Amino acid sequence: MSDTLPPLPPVGDLSTEQVRGAACVYCGIHLGVGPAIDLGEQPAAVADMAVRWFPRACHGHAAP
Ligand SMILES: [Zn+2]
């Protein structure tokens, strides 16, 4: 996994598809087909509740 990825945006700023990993967490492009970067399980706090989410990113964000 690359360490050149930018920091993850706050979960509260993202769409449902982005939180589910169906869309790129950075730019919102749909990831239904084609390669995507799995960013792994991430802890977050939403409305004072501890949750886990599974962001994915398109390859445009992993380029050096
Ligand atoms: Zn993207």
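C27 touches Q18, C58 and H61, leaving aside residues up to four places away in sequence; contact here means heavy atoms within 4.5 Å. This is a predicted model, in which local features need pLDDT of at least 70 and side-chain atom pairs count only at pLDDT 80 or more, while totals for chains, interfaces and linings use all residues. Residues are numbered from 1 along each chain as its sequence is written, and side-chain values use heavy atoms, with hydrogens and water left out.

The zinc ion has as its protein donors C24 (SG), C27 (SG), C58 (SG) and H61 (NE2), lying 2.2 Å from it. Donors are N, O and S atoms within 2.8 Å of the metal (3.2 Å for Na, K and Ca), and sites may look incomplete because water is not among the atoms. The arrangement is tetrahedral because the four donor atoms subtend angles of 100 to 116 degrees; for four donors, the term requires all angles to lie between 85 and 135 degrees. The ideal angle for four tetrahedral donors is 109.5 degrees.

Along the sequence, the donor residues follow the spacing C-x2-C-x30-C-x2-H. C27 and C58 link distant parts of the chain: C27 is in the loop between helix 1 (16-20) and strand 1 (37-38), and C58 is in the segment after strand 4 (56-57). Helices (H or I, at least four residues) and strands (E, at least two) are DSSP runs, numbered from the N terminus. The two residues are 31 apart in sequence and 8.2 Å apart in space, C-alpha to C-alpha.

C27 is partly exposed at 47% relative accessible area, whereas C58 is buried at 14%. Buried means under 20%, exposed over 50%, and partly exposed in between (1.4 Å probe, protein chains only).

Terms used:
Four donors count as tetrahedral if all angles lie between 85 and 135 degrees; four count as square planar and six as octahedral if opposite donors are over 155 degrees apart and all others between 65 and 115; anything else is irregular.
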